[in-house]
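Let's take a walk through a protein model together, one piece at a time. Have the picture ready and keep turning it as you read.

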Amino acid sequence: MEDWVFVDTCIWSSFLGKPNSPEKLAVDDLLEADRVALAGPIVSEVLLGFRRKDQADWVASRLRLAHYIEPVWNDWRAAADLGRELAAKGHKLPLTDLVVASVSKRCNAWIYTTDPHFDCISDLKRFWPGK
Amino acid sequence: MSINVELTAEEVAALRQVTKLQNDAEAVSKAAREFLRLARLRELKSISGKVEFEANWQSLEALELGESTFPS
């Protein structure tokens with residue numbers, strides 16, 4: 001699990017919509033190396049971006065084959081604690097981001113995201129392609 | 001479904017080692033399933049730019065937080 005990389009929704013967005021983007025190349029490499037990991041909130045956010053159900057279903061059938069981590073009780077608790085801690089510092093984060101951060105911490109996995117919300121979380125293993 | 005496959009002893013031993021399974025048939029089955037999983041997963045690489053995808057994750061998050069604009 002330590003080599004796995006949780007690919008966040010913003011990265012999938014570039015991957016799906018911008019064939020020449022650096023994110024597309026990076027995810028290609030991660031798929032090739034079988035390092036892509038997902039959690040439920042990411043799956044839902046990605047699939048919500050599709051207008052056509054047939055395309056959403058096809059992508060879902062392929063995403064299902066990546067490493068999938070189910071958030072457990074302690075992840076939800078950790079997400080709440082993290083959200084409270086950040087709110088006290090003036091940072092309000094969506095629950096989806098808090099849960100993904102908590103799951104990736106539990107797995108000691110990397111997270112690949114350009115979502116600025118994650119910049120508020122200090123002890124994450126951020127994945128930067130090429131570094 | 002049951003099938004017969006021709007493999008060398010070295011290949012079967014290698015499959016047992018890679019799959020960490022002692023049983024020959026189980027090792028071959030696992031290897032085949034893993035091959036299929038990866039092949040199907042990697043099909044994602046070919047759809048970039050060919051699907052109708054709306055990058056709406058920012059608006060969804062902003063909606064959840066009650067913000068009118070996404071933080072930069």
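Helices (H or I, at least four residues) and strands (E, at least two) are DSSP runs, numbered from the N terminus. By that count, chain A has six helices and five strands.

A quick word on the ground rules. This is a predicted model, in which local features need pLDDT of at least 70 and side-chain atom pairs count only at pLDDT 80 or more, while totals for chains, interfaces and linings use all residues. Residues are numbered from 1 along each chain as its sequence is written, and chains are lettered from A and ligands numbered from 1 in the order in which they are written. The model scores ipTM 0.88 and pTM 0.88.

Now for the overall shape of chain A. Its C-alpha atoms fill a box of roughly 40 × 35 × 25 Å along the principal axes. The radius of gyration, taken over C-alpha atoms, can be held against a globule rule of 2.2 Å times the number of residues to the power 0.38. For 131 residues a compact globule would come out near 14 Å, and chain A agrees because it has 14 Å.

Next, look at the strands. Two strands pair if DSSP finds at least two bridges between them. E1(A) and E2(A) pair in the parallel sense over two bridges, with A:Val5 partnered by A:Val36. On to strand E3 (residues 67-69) of chain A: three bridges join E2(A) to E3(A), again running parallel, and A:Ala37 stands opposite A:His67.

What covers E2(A), on one face or both? A residue is buried if 20 or more other C-beta atoms, placed from the backbone, lie within 10 Å of its own, exposed if 12 or fewer, and partly exposed in between. Both faces are covered: A:Val36 and A:Leu38 on one side are buried, and so are A:Ala37 and A:Ala39 on the other. Across chain A, 41% of the 131 residues count as buried.

Finally, meet chain B. Two residues are in contact if their C-beta atoms, placed from the backbone, lie within 7 Å. On that basis, 23 residues of chain B are in contact with 27 residues of chain A. On chain B's side, the elements giving two or more residues are helix H2 (24-42) and helix H3 (57-65) of chain B.
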